[in-house]
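Student: Could you walk me through how to read a few features here? I'm new to this one.
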Amino acid sequence: MTIKTCKGHFILLIALVLTASWILGSYSDLAYAQTIGGVDLSKIPGLQNLTGFNNVPTDDNGQGTEEGQGTNNVPTADNGQGTEEGQGTNNVPTLDDASDEPKSNQIMISFTGTVTQMDDRSNLLYGNVKVGTPLTGEYTYRLPTKDTNTDQTVGDYPHDRKAFGITVNVGGFVFKTDPKNVNFLVELVNRDTDHYLLRSYNNLPLSDTIPIKHISWQLDDETGNALSNDSLKSAPIPPILQNWKDPYGLTITGGADRDPTQSFFVRAHIDSVNLIS
């Protein structure tokens with residue numbers, strides 16, 4: 001009787017050990033899975049202490065995440081440097097950045113001039129810009145820019161990169177293409193009358209209440225001899241002023257839309273141009 005009882009207890013003990021082992025193994029598998037059915041097992045009290053759970057690597061290998069590093073210390077697209085103006089992910093320049101542009105492709109031309117006409121009824125420029133006020137400036141364009149106009153007599157060369165545009169200094173003010181939102185056009189017209197036109201559509205404001213609408217410069221040649229075609233690469237660099245008339249000159253408009261009492265207009269004659277680079 002005693003032998004049978006002990007044997008029965010021994011069998012029961014073995015069964016209990018096997019059952020406990022199976023249970024622990026099952027929980028251990030669940031622990032490695034970490035999330036089952038949408039439930040985060042690491043949040044269940046006591047479960048994280050099961051065999052093997054603490055050895056499961058976290059996404060950041062126990063180091064935590066730092067700015068610029070993803071899980072498992074895999075660098076993010078910007079390699080921890082963040083993005084800067086004109087730079088995309090992995091520090092690859094975006095299309096609006098011309099820092100990687102060969103200098104030979106960037107044409108910068110300086111100019112000097114004199115104000116010939118002024119309309120500032122609301123005194124937005126505080127009387128600092130008058131007829132006779134001298135001005136200086138420069139404009140930069142990309143020589144290999146593609147002509148977007150299919151007309152064989154008109155060449156339109158738009159620029160949207162931050163290195164390009166125009167700057168005018170007059171009366172203590174700086175009128176300038178917005179480098180973060182460049183929309184700068186160089187246009188050549190080779191017809192019976194030739195035209196050379198610069199126009200900046202997006203410009204930095206003088207203040208929160210004084211936007212700058214347009215900065216432009218137009219040269220005309222009624223003989224049609226100033227240009228031989230509409231190619232930007234073929235045009236003289238800088239333009240030869242004696243081959244052109246300057247009836248429209250360089251113009252700057254700013255202030256409120258359609259309200260001459262809250263806007264201003266500046267016209268200037270360009271006296272000289274020089275190639276900087």
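Tutor: Let's start with a charged pair: D151 and R191 form a salt bridge, and their closest N and O atoms are 2.9 Å apart. A salt bridge here is a side-chain nitrogen of Lys or Arg within 4 Å of a carboxyl oxygen of Asp or Glu. Before we go on, note that this is a predicted model, where local features need pLDDT of at least 70 and side-chain atom pairs count only at pLDDT 80 or more, while totals for chains, interfaces and linings use all residues. Residues are numbered from 1 along each chain as its sequence is written, and side-chain values use heavy atoms, with hydrogens and water left out.

Student: Where do D151 and R191 lie?

Tutor: D151 is in the loop between β4 (134-142) and β5 (154-159), and R191 is in the loop between β8 (184-189) and β9, so the pair ties together parts that are 40 residues apart in sequence. The strand labels come from DSSP: strands are E runs of at least two residues, helices are H or I runs of at least four, and both are numbered from the N terminus.

Student: How many salt bridges does the structure hold?

Tutor: There are 3. One of them joins K245 and E222, at 3.8 Å from N to O. K245 sits in strand β11 (residues 245-255) and E222 in the loop between β10 and β11, so this pair ties together parts 23 residues apart in sequence. E222 has a relative accessibility of 58%, so E222 counts as exposed. R121 and D119 form a salt bridge too, with their closest N and O atoms 3.4 Å apart. There R121 is exposed at 56%, whereas D119 is partly exposed at 26%.

Student: What describes a pair of aromatic rings?

Tutor: The distance of the centres and the angle of the planes. Rings of Phe, Tyr and Trp (its six-membered ring) pair if their centres lie within 6.5 Å; planes under 30 degrees apart are stacked, over 60 edge-to-face, and the rest tilted. By this rule the count is 8 aromatic pairs. Take F173 and F175: their ring centres are 6.2 Å apart and their planes are at 35°, so the pair is tilted. F173 is buried at 15%, and F175 is buried at 0%.

Student: And which kind of pair do Y196 and W217 make?

Tutor: Their centres are 6.1 Å apart and their planes at 70°, so the pair is edge-to-face. This pair links distant parts of the chain, 21 residues apart: Y196 in strand β9 (residues 194-200) and W217 in strand β10 (residues 212-221). Y196 is buried at 2%, and W217 is buried at 1%.

Student: Which residues does T145 touch?

Tutor: Contact means heavy atoms within 4.5 Å. Not counting residues up to four places away in sequence, T145 touches Y157, P158 and H159. The side chains of T145 and H159 are also joined by a polar contact of 3.1 Å. A polar contact is a pair of N or O atoms within 3.5 Å; within protein, one must be able to donate a hydrogen and the other to accept it, and residues adjacent in sequence count only if both atoms are side-chain atoms. T145 is found in the loop between β4 and β5, and T145 is buried at 12%.

Technical notes
Buried < 20%, exposed > 50% of the residue type's maximum accessible area, 1.4 Å probe, protein only.
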